[in-house]
Amino acid sequence: MPALLIADDHPLFRAALRGAAADAVAGLQVHEADSLGGVLAVLETEPDIDLVLLDLHMPGNHGLAGLAAIRAQYPGVAVVVVSANDDPRVVRRALDHGAAGYLPKSSGLDELRDAIRAVLACEQWLPPPLRAAVARTQSSSSDAALAARLASLSPQQFRVLTLVAEGLLNKQIADRLDVQERTVKAHLSAIFERLGVRNRTQAGVVLRELELTDPARRMEG
């Protein structure tokens with residue numbers, strides 16, 4: 001029986017996604033989360049989840065960083081990005097960082113059902129109006145290199161990297177992950193080598209390259 005995780009901080013939108021998902025796949029198990037931390041916690045406790053519908057701008061997520069985190073820590077889980085941003089360049093970046101599909105929030109429920117069915121069948125899915133534009137959009141060489149470097153990290157190394165980017169010190173990271181401080185130092189040495197950086201500041205910059213502007217906040221401003 002397939003299992004889905006809906007990750008969005010708007011309850012009404014989650015309810016709409018839940019209803020469409022139930023119509024798309026009979027017997028689908030549905031979980032919900034309203035922050036990136038909640039997403040990772042559910043994935044930790046529910047190993048049978050097959051698909052995540054991920055809002056790019058939910059709390060704790062910074063653009064494509066959440067997508068990269070899920071793909072690094074749970075590579076067997078497919079991710080469909082859900083966003084108000086339908087810029088083909090953003091869609092191209094999401095696909096390059098491992099998304100199995102992309103669903104603009106303006107999409108209808110029929111498109112949502114099609115996306116869920118396609119991705120659960122191990123197919124990539126984009127809404128028809130975006131397919132041609134995304135196909136014409138070239139991948140960024142820097143994005144491809146960044147995706148490859150992040151993919152080389154182990155799940156624990158990626159967790160350490162995200163905590164470094166949040167500004168935590170080694171002892172704080174050790175306490176958060178319930179490991180010894182020397183283990184954190186060993187992870188950092190491996191992270192620096194695999195990312196091609198020399199220090200914590202440069203490592204944090206790597207994750208910030210994944211940040212995107214939230215169209216909703218841009219409109220509010």
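Visitor: How many helices and strands does the secondary structure of the protein come to?
Guide: This is a predicted model. Both kinds of element occur in the protein. The count is twelve helices and five strands.

Visitor: What radius of gyration does the protein have, and what would a compact globule have?
Guide: The chain length sets the expectation: with 221 residues, a compact globule would come out near 17 Å. The C-alpha trace spans about 50 × 40 × 35 Å along its principal axes. The protein agrees with the globule value, so its radius of gyration is 17 Å.

Visitor: What share of the 221 residues is buried?
Guide: Buried here means under 20% relative accessible area. By that cut-off, the buried share of the 221 residues is 49%.

Visitor: How much space lies in the largest pocket, and which residues lie nearest its centre?
Guide: The space in the largest pocket is about 580 Å³. Elements giving two or more residues to its lining are α2 (36-45), α3 (65-73), α8 (155-165), α9 (170-177) and α11 (200-208). The lining has 23 residues; nearest the centre lie Leu36, Leu40, Thr162, Leu163 and Glu166.

Visitor: What is the make-up of that pocket's lining by class?
Guide: The lining of the largest pocket counts 23 residues. By class they split into eleven nonpolar, six polar and six charged.

Terms used. Residues numbered from 1 in each chain as written. Predicted model: local features only at pLDDT ≥ 70, side-chain atom pairs only at ≥ 80, totals over all residues. Heavy atoms only, no water. 1 Å grid on protein atoms, 1.4 Å probe; cavity = no way out; pocket = protein on both sides within 12 Å on 5 of 7 lines; lining within 4 Å. Points joined across faces, edges and corners; volume = space filled by probe spheres on them. Helix = DSSP H or I, 4+ residues; strand = E, 2+ residues; numbered from the N terminus. Nonpolar A, V, L, I, M, F, W, Y, C, P; charged D, E, K, R; others polar. Rg over C-alpha atoms; globule rule 2.2 N^0.38 Å. Buried < 20%, exposed > 50% of the residue type's maximum accessible area, 1.4 Å probe, protein only.
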